[in-house]
Amino acid sequence: MKYRWIFALSIAAALALSVLVSGMEPEHNRYHQHLEAEEKPPCTDHDEFVFCTHLPLMEITTDAPVPKPYLGEIDEKIENIWDVSNSFRNYEMVAASVRYFDSETENNHLTDRPAVEARAMFRIRGASSRLLDKKNYLLKFTEEDMTQSLDVSLSGMTADSSWALHGPFLDKSLIRNYLCYNLAGEIMDYAPNVRFCELFLNGEYLGLYLLTEKIGYSENGRIDFTKTDPNLTVTSYILQVDRGAADPRYNLETFGSDCYLTRTKVRAGQGHIEILYPGKTLTQNQYDYINSDFSRFEKAIFSFDYNHPDRGYRRYIDVRSFIDFFLINEFTLNYDAPGLSTYLYKDVSGRLNMCVWDFDAAFDYYRYSEVTPETFRIHNALWFQYLFKDKAFVDQVVDRYADFRKRFFNEEYLFQYIDETVTYLGPAIQRNYAKWGYSFNSTYNGVNYDYLEPESRNVRSFDEAIQQIKDTITLRLEHMDNNLDRLYTLCHESMNKRYNHQTEAGGT
């Protein structure tokens, strides 16, 4: 109890210090759309029936109908819409024409001259979300002949061919991913950049979307490391932890999974590691190198020398990256991570880094069951269960949290950020819910839209959705302030006798 009081006092001191540093700006150059986009005057040269938005506007026209989610032999009216595995996904893409309108000083209209006009391949994306009414989409820009990819910059984001269009439907606040990606972008070396936009698909208005950089390598930026060379064995790489690749050539069977030390084989449906980069140029030699290289990290962390300064895990990972990933996902209650929607990347001459993705279920919007703010979970997942055996790692987690509480994990900062984002979106929120407002109902046209359990967790208005995030943040920070020091029990000698049998770290 004494240590918990000391910890609480240290947090209070950190918050008091934040008053002194509140005028300091972060060193990151993250672009926050709601803060930095130019304010635009209202249009006066057209009637009210012309679609007009201060946000970027995307129009997609496909050459053929968009392929629907494939459910195979199962009934399309399955009771649990979340029971969707890789075998039931449809990866078929359709050719499309894309027009993107993004005036910096004036509102956008479909009759304007587009900032970008290009051809692309297009499909529905996501796992369970593909069965919601409002779909998420994948967009891959191509040259006119449709045979070569084309790197395109949208709203100042890094030029690349691959983009995700996230359509918030389950998230009634519309802002979870925007808030969390930008929070992570201020903290970590890389988090996908995002921009709100409005979308028309084949002439139909689909509402508010979040245009999102796909995680990957680009010669223009995004994850910045040495480009792969298929003539060499040693390579930079990006790994995805999720349900596994549709193409088995990219699935890894590392030391951790072979020895049942991670959830890769133990828990079906998640925790599978696949190679995202190199992509089509991946050679067998490079596959073997990546598998062996990642396994070296796992062997180190699972060994008796796990915390040795030279032979332990620190030799293989950027420790700060793992700590930041843990804190961001713990604070936001994003418990799909790290078994799903998780990325790791490594430069050929560097260490493993982690990258965030997908905050649909953040702040107690996990669809299967309630996730109360009074909990911790990620310390038990995959490699984190071994990292937390090291007191030095826990020390760094606690210190880093205290730093974040000065600004980024601060209620005043977060609530202002949320309110300003809502103000910026303005009429786009009303337009979105003119299209999708029925989703606030328990049932509509015989369909159940109460996806969250218990039923009381389903919000009935946009204002209620925003307040739910704020209430969760308040409770979450209170719990972390008072209980984060409990993570020290995970590295206590009594918990780890078989790991700490040496006289000192790495000793004999």
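User: Where does P278 lie?
Analyst: P278 lies in the loop between β11 (272–277) and α6 (284–301). Helices (H or I, at least four residues) and strands (E, at least two) are DSSP runs, numbered from the N terminus. This is a predicted model, where local features need pLDDT of at least 70 and side-chain atom pairs count only at pLDDT 80 or more, while totals for chains, interfaces and linings use all residues. Residues are numbered from 1 along each chain as its sequence is written, and side-chain values use heavy atoms, with hydrogens and water left out.

User: What is the peptide bond from Y277 to P278?
Analyst: That bond is cis, and its omega is near 0 degrees.

User: Which bond joins E453 and P454?
Analyst: E453 and P454 are joined by a cis peptide bond, with omega about -5 degrees. P454 sits in the loop between β15 (447–448) and α12.

User: What about phi of S155?
Analyst: Phi of S155 is near 50 degrees, which is a positive value in a residue other than glycine. S155 belongs to the loop between β4 and β5.

User: Is S155 buried or exposed?
Analyst: S155 is buried, at a relative accessible area of 17%. Buried means under 20% relative accessible area, exposed means over 50%, and partly exposed is in between (1.4 Å probe, protein chains only).

User: And phi of N202, what is the value there?
Analyst: N202, a residue other than glycine, has a positive phi near 50 degrees. N202 is in the loop between β6 and β7 (204–213). With 41% relative accessibility, N202 counts as partly exposed.

User: Changing topic: how many salt bridges are there in the whole structure?
Analyst: A search of the whole structure finds 19 salt bridges. A salt bridge is a side-chain nitrogen of Lys or Arg within 4 Å of a carboxyl oxygen of Asp or Glu.

User: Which residue does E198 pair with?
Analyst: E198 forms a salt bridge with R431, and their closest N and O atoms are 2.7 Å apart. E198 is in strand β6 (residues 194–201) and R431 is in helix α11 (residues 427–436), so the pair ties together parts that are 233 residues apart in sequence. E198 counts as buried, at 0% relative accessibility.

User: What about E330, which residue is its partner?
Analyst: E330 forms a salt bridge with R476, with 2.6 Å between the closest N and O atoms. This pair links distant parts of the chain: E330 is in helix α7 (residues 319–331) and R476 in helix α12 (residues 462–483), 146 residues apart.

User: Are E330 and R476 buried or exposed?
Analyst: Both E330 and R476 are buried.

User: Which residue meets R405?
Analyst: The side chains of R405 and D481 meet in a salt bridge, at 2.7 Å from N to O. R405 in helix α9 (residues 391–405) and D481 in helix α12 are 76 residues apart, and the pair links distant parts of the chain. R405 is buried at a relative accessible area of 5%, and D481 is buried at 12%.

User: What separates F404 and L327?
Analyst: Their C-alpha atoms are separated by 9.2 Å, while the residues are 77 apart along the chain. F404 is in helix α9 and counts as buried, at 3% relative accessibility.

User: And α3, how many of its residues are buried?
Analyst: In α3, 12 of its 12 residues are buried. Among them are R176, Y178, C180 and E186. The 12 residues of α3 (residues 176–187) should span 16 Å at 1.5 Å a residue, and the end C-alpha atoms are 17 Å apart, which agrees.

User: Where is D145?
Analyst: D145 is in the loop between β4 (136–142) and β5 (162–166). At 48% relative accessibility, D145 counts as partly exposed.

How values were computed
Expected span 1.5 Å × (residues − 1).
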